[in-house]
There are 4 protein chains.
Amino acid sequence: MDFSLSPRAADLRERVHAFLTSEIEPVEAEVHHRIKVARESGGDSWTPDPVIGELQAKAREQGLWNLFLPAAHAGSYGEGLSNVDYAAVAEVMGRSFLAPLVFNCNAPDTGNMEVLLKYGTDEQRAQWLEPLLRAEIRSAFCMTEPAVASSDATNMAATARIEGDEVVINGRKWWSTGVGNPDCKIFVFMGLSDPEADRHSRHTMVLVPRDTEGVEVERMLTTMGYYDEPLGHGEVSFTDVRVPVGNVLLGPGRAFEIAQGRLGPGRVHHCMRAIGLAERALELACTRAVSRTAFGKPIANLGGNRERIADARIAINRSRLLVMHAAWLLDQGMSREAYSAVSEIKVEVPNMALDVIDMAIQLHGGGGMSDDFPLANAWVGARSLRLADGPDEVHRNVVAKIELGKYVG
Amino acid sequence: MDFSLSPRAADLRERVHAFLTSEIEPVEAEVHHRIKVARESGGDSWTPDPVIGELQAKAREQGLWNLFLPAAHAGSYGEGLSNVDYAAVAEVMGRSFLAPLVFNCNAPDTGNMEVLLKYGTDEQRAQWLEPLLRAEIRSAFCMTEPAVASSDATNMAATARIEGDEVVINGRKWWSTGVGNPDCKIFVFMGLSDPEADRHSRHTMVLVPRDTEGVEVERMLTTMGYYDEPLGHGEVSFTDVRVPVGNVLLGPGRAFEIAQGRLGPGRVHHCMRAIGLAERALELACTRAVSRTAFGKPIANLGGNRERIADARIAINRSRLLVMHAAWLLDQGMSREAYSAVSEIKVEVPNMALDVIDMAIQLHGGGGMSDDFPLANAWVGARSLRLADGPDEVHRNVVAKIELGKYVG
Amino acid sequence: MDFSLSPRAADLRERVHAFLTSEIEPVEAEVHHRIKVARESGGDSWTPDPVIGELQAKAREQGLWNLFLPAAHAGSYGEGLSNVDYAAVAEVMGRSFLAPLVFNCNAPDTGNMEVLLKYGTDEQRAQWLEPLLRAEIRSAFCMTEPAVASSDATNMAATARIEGDEVVINGRKWWSTGVGNPDCKIFVFMGLSDPEADRHSRHTMVLVPRDTEGVEVERMLTTMGYYDEPLGHGEVSFTDVRVPVGNVLLGPGRAFEIAQGRLGPGRVHHCMRAIGLAERALELACTRAVSRTAFGKPIANLGGNRERIADARIAINRSRLLVMHAAWLLDQGMSREAYSAVSEIKVEVPNMALDVIDMAIQLHGGGGMSDDFPLANAWVGARSLRLADGPDEVHRNVVAKIELGKYVG
Amino acid sequence: MDFSLSPRAADLRERVHAFLTSEIEPVEAEVHHRIKVARESGGDSWTPDPVIGELQAKAREQGLWNLFLPAAHAGSYGEGLSNVDYAAVAEVMGRSFLAPLVFNCNAPDTGNMEVLLKYGTDEQRAQWLEPLLRAEIRSAFCMTEPAVASSDATNMAATARIEGDEVVINGRKWWSTGVGNPDCKIFVFMGLSDPEADRHSRHTMVLVPRDTEGVEVERMLTTMGYYDEPLGHGEVSFTDVRVPVGNVLLGPGRAFEIAQGRLGPGRVHHCMRAIGLAERALELACTRAVSRTAFGKPIANLGGNRERIADARIAINRSRLLVMHAAWLLDQGMSREAYSAVSEIKVEVPNMALDVIDMAIQLHGGGGMSDDFPLANAWVGARSLRLADGPDEVHRNVVAKIELGKYVG
C-alpha cells in the first residue's frame, strides 16, 4: 500500500489550491453578494457574474481546465486523469462553490461531457461536447420527476417515443441542475421509450436543445432558501417536443446503460468535493474556536468542543480514505466491490460532511446560520447530496444486496 | 399523576386546532408565495400580508387571542393560562409559522409583553403594552451582539449609560427578531450600564422607540437562505441614542433579573411550538409514506422507513412530556428543578424536532428541500432554536451544574 | 395535568427507598461476592443466599410486599396499586438486582402471579398462586425457543397437544428465567396445540410442575458472562411431558390472549426498573466525576464530561415521563394509544439506560467493566432488555403500524 | 496511491487466514467450553489448554510465528514486517481470541518484546526476550493503578526508587493483562522514581520477575462477566520488592519515552484485530440474516436490517482504511500526523466494532448474549478497548490538540 499522491496529482492539487486561495476565495463573498442583491431587487441573478468568466480564462491559461477528463475516455481531448488523481484535485475544488465552475469541472456538465465522450457520435461531440469543453455553453440532465419516486428509476414516466426519424418527448422533470443559467443550451433527457421492453431497456436518453419548441423551464426551485445561482435547479416541462432521432445517445432503450457508467465517477467527484467542504468547515470551526472567548476562555476549551473537533478530524480522514479507495477501485475496472464502494461513499460522505458543518455552525452561533459565513450554504449543499443521485436508503440497499449476496447461493 | 388536559386547555386546544386547519392552513401556501414573489421582484415582502390582519380579527373575535397571558401576571388584562395549559395550546400553534402571529402569541412580542406586565410602570404599559396586546404595534428584543460570544451574556458590550435623566445607548445588536416588520415600533435593549458592578448587575434593560435618532436597522439577516418575513431578524446599530431614564425597565443594573424570569416560559413556548412542528412533519411523512410507491411498494414498507417513523413517534411523545413537565414545574414556582427542566427541554426538543423533520424531508425526496412542502423551512426554524436563547452547550452546562451540585458540599 | 405522585405512591416509594438504602445496598456486594465464590469453587451459587430470605421477612413485615399486585385484579389478595403508582415504586426497586426479589416483585414471578390472578381457576390459585405470593416457591415462563426466531411468536414450534384429559408437551425452550433457583417449582409453558387453527388461536398455555417426568433443565445460559444467580436463565427440554388438562390456563388456544394482557404491565415494570438502574448509574458517574482527578482537575471538568452528564439527566427524565404516561394509559384501559405506548417505552428505555450506564462505565475507567461497581452487570441487564419481551425492531414495528394506521383507510 | 497489499503481506494474510479457518476455528468452541467447565467446577482454568501449545508448534513450523516483529527493530531475530504489512495480517488474527496466542502475536507480549528489542540490554534480551519469542514464558505490563485516574499517566503513584544498585518497588497495579497464566514470568513495571524531576522524567520502567519476594497477584478481574483465560487481567501488589538496577529499561526516568514508542504500533495491532472481530461479527450477522425466518421472510428482509448491514459494511471499510493509513504513517517515521492518526484510530475503531457487534447480537436474539456465539465475548473485548491504552476522551484530546495547534502561534 502506498498512500502518497502521484506527482502529477500532487502538483495539480497544489496548483488548484493556490489558485483557489489567491484568486477565488478573495472574490467569493462579493460574487455571492452581487447575486443576492440582484435577486432581491428583481434584477438578473442568473447570468453568471463576469468574474467567473475572467477566472475561467486564467484557469485555462494555467492548464487547470477540464481536469475531470478521465484518462480512459479523454481521447484526443486531453491527457485525462485517473479517478484517484482527479479525486485528490476535486477535494480542493469542493472548498468553494465557485471553484468547480471556474475550472470547468462542475456537475452536471462533467457528467454530460463524459457521456458525450463515451457514447456521443462525432456529430454530437462536435455540436455539443466541444463548446462544453470550452465552457461556451452549459448543459442539464433531466431525469428526476415530481410525480413519481425517482429513487426507483424504473418509475420514470416522462416519454421519449421514437416516431420515424423523430423522438417525441413529453413529461415533466425537476431538479434539473443548471437550467437557471441562460448559457445552458442542451438538456440530456431520459424518458420511457418502450414500456413493453425489459425493465432496464425501456428508457432512452436523448439530447434536447433548450430552444426546441415545447420545452419550458417552468420555475426555479429553492433548496432550503437557496437558488444556487448561477446554475440553479429547475422544473422543466416537455410538451410534444420533437428532436431528430440522431439526438438519441448510444441507442434507443440504452439509457440505464449510460446512467450506470455515468454515476460511478460522478459520485466520487461529489463526495470528494463534500470532503473539501467539510475540511473548510473544520478550518472555520478551529479558527473560531481559538479566537472567540466566552466564560473567560477560548471557546475551544469549553465543554465538549475539543472532542467535537477531534471527531470531525477523524470523520473527515476516514471518509477521504473511503472515497480515494472507491476511486482506486474504479480505476481497476468496474467490479461488484467497486459498485458497492461507490454506494458506500454516497452514504458515508454527505452524512459525515453534515455533521462536521453542523458542528462548525454551532460554534459560530447565529452567524453560522447567516450568509456571513459559507457554512449555511455548505450545509444545504451537503444535505441535498443525501438525496441527489439516489437517497441514502437506496445506496444502503445496494451495499446490503452485495454484502448479503456473498451468503446466498 | 394525571396526564389529562384541564377542560379549559382541552377546549382552547381544540378550538385553536380547528381555527388552524380551517382558516390558516388553507392560506398558508399562498401567503408564503406572495412574500416570495414580492421579495424576488424587488417588492415589499415585509409589510404583513393583509390576510394576517383579517385572521387576527377573527381569532380575537373567537377569544383565541393573547392566550400566552400568564395567569400569574395577567392582572386586569385577562384571565391568563397556567404554563401547562398554555403549553398544550402553543403546541398546536407551532404547526404553522403564521399561527403565532394570528393569535398574537408570537415571539418576541409575547416575551416583551410579559416583561411589561411584570415589570412595566403604568406609563410604560399604557404606551407600549396595550397596543402590543391589540397587535397594533410589534416589538423587538435587542440582546445578541455580533462581536462577542453571546452565549455568555456577561460578554455583552453594547452600552446603556445613565447620564442624568437620560440613558445613552451605543452598540450593535443582531438577530433582533421582528425588526423587518414596519409595525415594529419598540425595541427592548439590553446593555452594559455599570462595568464596575457585580457581574450580574452590570446590565440594564431599556425601552427604545425605533424612531429614536441614532437607531438604524442596518440589514436583515437570512437563516439558511430564509428571511422569515414578515418578522425577520435584523442587525441594528445604536449610535448615541438617547431616551429618558423613565424608559428603563425595573431599574438600572437589573437586566439579568428580568432576562431570567423572561426566559423560562419563553423557552417552554418555543419548545412546545417545535413539538407541534415535529408532529406536522411526522404527519407529512406518514402521508407520503403510505401514498408514494417505489420498487413496487408504498415507501412506508421499504427498508428502515417504518422503524424511523416509530422512532419519530417515540421521540415526539417523550419530548412533549418533558416540556409539559417543565411547564408544570414552572407553575409550581421557580426551583432548581424547574431551572434545570427549562434547560433540559431547550436541549432535547430542537434536536428531536430536527431529527423528525429531517426524516420527513428524506421521505419527500428533492421536494422536501424545496418550498413545495413546509419541511425545509421547519428544519431551519428548529435549527435556529439550537442557538437562539442560548446554544445547546450552554444549557447542557446548566443541567450538569445542577446535577453535579447534588454531589458537592 | 398533575405530575405529583399520589400520597400512597409517594409514601411507598419513600419507604421502599429507605429499605433499599438501609437494608439492601449494604449487603449487596457481599451477596454477589458469595455467589461468585460459590460459582468459581464448584459450589452452589443457585440456592438463594440466606440474607434474601431474611430481608424478605422484614419487607413483608413492613408491608412492602407484593406491591406489584394490580388494583384491577388483586381481588382478595390485597389492595393493589394502579400501574402509575406501582411504576413509581418499581423505579426504586430497579436500583438493585436484589431488591425485586426482596419485595417479591421480580420477573417472571410477578407476570405469572398476575396471570394466575386473572385467569387461574380456584384450584390453580390455591396450588400455585398462594405459595408464590408468600415467596415459598418460584416460577418460570417458558416461551422463547432456540430453533426459531421468537420475535415472531407465531413461529413457536414446541407442542402442547390435548389428548383426552391430558396435555402432552414436547419441545425445547430457553431463556426461561428463574429455573436456576431450586425453589422454582412451576413452569408456565406456551406451545402449539392446534396448527390448523387461526394464527392467534393455535397456542395454549399450561402449568407444568418442574418435577414432572420429561422436564429437564439442560443448562443455564450466560448473558455476557453473567449467570444472574439466584434466578438465571435456563434451557429446558420437554419430552413427552404429560399434565392434566386442568393445568391449561384460560382454555386451549388462548395463549396469545393471555400473553397480550401479561405484557403491558410487565413491560412497564421492566422499564421503570431500568430507569432506576440508570439513575443509580448516573449517581455513580457524578460521584466519580467530582471525586477523581486527572490533568489537575476533577474529571467532571474535563472535555465533554459535563455535557454527557447533562445528556444523561435529560434522557432519564424524558424516559421516566414516557413510562409513567404509558402506565397511566394502561390505567385508563387498553387502547391503541396504550398499546403503542407500551412498545414505545420498550424501545426507548433500555436504549436510554444503556447510554447512561455506558457513560458511567467510561467515567469509571477499567473498574467500570469489573464487578467492583454494579455498572457492568447493569449494562448487561439493560442490554438483555433490548431482546427480552420482543426486540426493539418488533416494537418499532408495532408503533409504526399504529401510527401509519391513522393514514390508511 | 496504491491500495493493494504487498505480495508478502498478501501471502501471509492468506496463510494466516487458512490456518485460522482450518486449525483454530474448529477447536475454538471446545477450548472455551473446557475453560468454562474448569472455572465453574473449581478447576484450573488458567493453565493454557494443551491445544494451544500444539497449534503454536504448527504455526511456528509454517513460519507463521512472531509476525509482529517490526522490520525496523527485528535485528537478528527475523526479517520483520512493516506496520502496514503486519496490520493486514493482524486483522485476520483478530477474528479469534485464540489466534494471537497461537501465532505468538498477543498483547501484551508483543509490546513487551518490542520494548526489549528496542531498549533491552543484551543480558535482558537473553534472559527474557528469547524465551518470549519462543513462547516459553509470558509477560505482563504493570501500568494502570486502581487508586488514580490512569488516563493521566502522570498520576501514577506506585514507586520504583533507585537505592544503590537496587530498585525498590511499592504500589498496586491492576488490569495487568496476562498474569492469570502461570507461564507469565516477567512483569514490566512502571513507577515513580523521582517526584522532583520534570513531569515526563519522573517515572522508570523496570523488569520484575514474578517470583520476586513482595510481588503478589491479589486477584483476577472480570470484564463484564469474563475472565479472558488463559491470560486474564490481574490486580498485583508490590511490597518492598527489590530487583537489581540492571533490570531498569533504557534508564531511570525514561519510562515515558519507552511508553510513547510502544504505543503507536500496539494501538495499530489492537485496532486491526478489532476490525477482524467486526468482520467476523458481520459475517455471523449476514449468515443469520439469510437463514432465520420471521413473519414469513428471512430476517434480512425485515425492517431496517438491510440498512444496518450496509452501515456495518461501510463502517468496517472506512475504519480499516484509517488504520492502514495510520500504519503507513508510522512506517514513514513518527510525525505529528502519525501521532494524531494513532489516536484517531483508537477512538474510531473500538466504537465502530461495538456498533457492528451489537447489531450482530441483536440479529441473533437472546443467543447473541450467550456463549453459543462468539459475539458477547467480542463485544466485551471491543468495549474494553475504549478504555485500555487510554480512554476515547484522552485520545480525542490528543487529536484536537494537534488540530487546533495548526491555528495558534
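## Basis

Residues are numbered from 1 along each chain as its sequence is written, and chains are lettered from A and ligands numbered from 1 in the order in which they are written. Because the model is predicted, local features need pLDDT of at least 70 and side-chain atom pairs count only at pLDDT 80 or more, while totals for chains, interfaces and linings use all residues.

## Two helices

Helices (H or I, at least four residues) and strands (E, at least two) are DSSP runs, numbered from the N terminus. The expected span of a helix is 1.5 Å times one less than its number of residues. Helix α7 of chain B covers residues 255–291. Its 37 residues should span 54 Å, and the end C-alpha atoms are 53 Å apart, which agrees. α7(B) bends by about 30° at B:L263. The bend is the angle between axes fitted to the seven residues ending at a residue and the seven starting there. A proline, B:P265, follows within four residues. Of the 37 residues of α7(B), 27 are buried. Buried means 20 or more other C-beta atoms within 10 Å of the residue's own, exposed means 12 or fewer, and partly exposed is in between; C-beta atoms are placed from the backbone.

α9(A) is mostly covered, with 23 of 29 residues buried. A:G365 follows α9(A), with a positive phi near 65°.

## Domains of chain A

Chain A is divided into domain 1 (7–133), domain 2 (138–252) and domain 3 (256–405). These bounds come from an automatic or database domain assignment. The C-alpha centres of domains 1 and 3 of chain A lie 21 Å apart. Between them, 22 residues of domain 1 are in contact with 24 of domain 3. Contact means C-beta atoms, placed from the backbone, within 7 Å.

On the domain 1 side, α3 (83–93) and α5 (109–119) of chain A each give two or more residues. α3(A) gives the most, with 7 residues.

## Chain interfaces

Chains A and B meet through 43 residues of chain A and 43 residues of chain B. On the chain A side, α10(A) supplies the largest share, 4 residues. That side divides into 16 nonpolar, 18 polar and 9 charged residues. Ala, Val, Leu, Ile, Met, Phe, Trp, Tyr, Cys and Pro count as nonpolar, Asp, Glu, Lys and Arg as charged, and the others, Gly among them, as polar.

Chains D and A are in contact through 38 residues of chain D and 38 residues of chain A. On the chain D side, α8(D) gives the most, with 15 residues. This side has 21 nonpolar, 6 polar and 11 charged residues.

## A hairpin in chain C

Strands β2 (159–163) and β3 (166–177) of chain C pair in the antiparallel sense over 5 bridges. Pairing requires at least two DSSP bridges. C:I162 stands opposite C:V167. The hairpin has 2 residues between its strands, and C:G164 in the turn has a positive phi of about 60°.

## Residue D:M369

D:M369 sits in the loop between α9 (336–364) and α10 (375–385) of chain D. D:M369 is buried, because 28 other C-beta atoms lie within 10 Å. Beyond its neighbours within four places in sequence, its contacts include C:T223, C:M224, C:R383, D:I361 and D:A376.

Key
Two residues are in contact if their C-beta atoms, placed from the backbone, lie within 7 Å.
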